[in-house]
Amino acid sequence: MTQEKETASVKAAFEKHFGQTPGVVAYSPGRVNLLGEHTDYNGGFVLPMALRGLGVSIALGKGDKPGVIEAYSDTFDQTELRTIEDGREGRWSDYLLGCLKAVAYEDVAVTGLRVALETTLPMGAGLSSSAALEVASIKAALALFGRTMSSVDVAVKARAVENEFVGMPCGIMDQFASSVGDPGVAMFLNTRTLDYELVETSPDFAFVIIASGVSHQLVDGGEDGYATRVAECQAACKALNVEMLSDLGVGDLDRINGISEPLNRRARHIVNDNKHVLDGVVALRNHDMAFFGKLMVASHLSQKDDYQITVDETDAIVEAALSFGALGARQTGGGWGGSVVALVEKDQVDAFSQRILDRFEKTSILAVT
Ligand code: GAF
């Protein structure tokens, strides 16, 4: 669906459900990350691309019960009733509620709010559905109550909601790509300074996004989940006496190799994946997609061997993608499943995609960008 179709569809859903016209509609895209995984909460570099046609649409209108939020979602086929005073309850509406508390607490306390939400982003596919929901919620709430905020500030606010209200210790990549990014264009972001640059990719090649069929779960990732990696990085910083792992460079690898397992692996991944991003941006500028593909593979192997966040299914898809002619392939997103992104010559995309679907029953092609 195009963005216009999506916002028209969520507006219609709002009207049907609430019998009134919404005050505003907003849309925010998901993202695929091309290089630089888990580097964002380590002050490093990332290279995400906002997605065309995959995102979250939201329609908002004032309600008639002060402080009450009636949130309807076609996608989840349910209405959730919350109040602006509620805390986290482990439901999808937490993301919305946290954002409303952050930017429209007093307004919603007075007017109440009606919300309709639709998403074309599959949950758990590693394409940042939660960040898109947060960014759309914040942008819509600001518009409804007549306030403005820069896209960068929206991203910062959305990340704070996810860290502090939802309880997921993520970095800023997803919210930044969704709020500031330009769909279909890669974004080279320094997560420490928030300096960024949009970088075009070659028109002769496409990124094929393959859902592995293994759903990742980052908020309660169990004992070996996202929060564990964040804690391990903090422990590695202590062991190496640096503030953030991105203070280190490839020249520090000997020192890194000397600290205990698995902290050495975690630090090594961050240093190497930061370098993959820097080299990848040069490759894109030089239209050297063959080298870019090699960096994607190196990044996948670093996620597999050092960060240890890949699963058998994504490893197998990457291997098959390369044998089917992809120039590069890697697991993308938070990890433990989700999606694989493969770099493929444009005129090979259909044949390539079919071979993947034939080989792996649980896969689907989510996007070609
Ligand atoms: C998730 C997080 F939300 C991001 O901040 C980032 O750390 C990513 O995992 C891994 O690169 O999407």
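Residues are numbered from 1 along each chain as its sequence is written. Because the model is predicted, local features need pLDDT of at least 70 and side-chain atom pairs count only at pLDDT 80 or more, while totals for chains, interfaces and linings use all residues.

The protein is divided into domain 1 (3-198) and domain 2 (204-368), with bounds that come from an automatic or database domain assignment. Their centres, taken over C-alpha atoms, are 25 Å apart. At the interface, 29 residues of domain 1 are in contact with 38 residues of domain 2; contact here requires C-beta atoms, placed from the backbone, within 7 Å. On the domain 1 side, β1 (24-33), β2 (45-46), β3 (48-62) and β7 (186-190) each supply at least two residues. Helices (H or I, at least four residues) and strands (E, at least two) are DSSP runs, numbered from the N terminus. That side of domain 1 has 17 nonpolar, ten polar and two charged residues. In these classes, Ala, Val, Leu, Ile, Met, Phe, Trp, Tyr, Cys and Pro are nonpolar, Asp, Glu, Lys and Arg are charged, and the others, Gly among them, are polar.

Around the ligand are N33, E37, H38, D40, Y41, S128, C170, G171, M173, D174, G333 and G334, each with its C-beta atom, placed from the backbone, within 6 Å of the molecule. This shell has three nonpolar, six polar and three charged residues.

The largest nonpolar core has 91 residues, of which I58, L100, V115, A141 and A342 touch the most other members. Such a core is a set of buried Ala, Val, Leu, Ile, Met, Phe, Trp, Tyr and Cys residues joined through C-beta atoms within 7 Å. Helix α3 (residues 129-144) gives the largest share of this core, ten residues, and domain 1 and domain 2 each contribute at least three. Leaving out residues up to four places away in sequence, V115 touches I58, L60, I69, E70, A71, Y72 and L96. A second, separate core of nine residues includes A236, L263, I270 and V271.

Y307 lies in the loop between α9 (289-305) and α10 (312-323). Y307 counts as buried because it has 23 C-beta neighbours inside 10 Å; the cut-offs are 20 or more other C-beta atoms within 10 Å for buried, 12 or fewer for exposed, and partly exposed in between, with C-beta atoms placed from the backbone. Y307 touches H38, R229, R266, H269 and S302, again not counting residues up to four places away in sequence. Of these, R229 is 78 residues from Y307 along the chain, and their C-alpha atoms are separated by 8.0 Å.

Methods
Contact = placed C-beta atoms within 7 Å.
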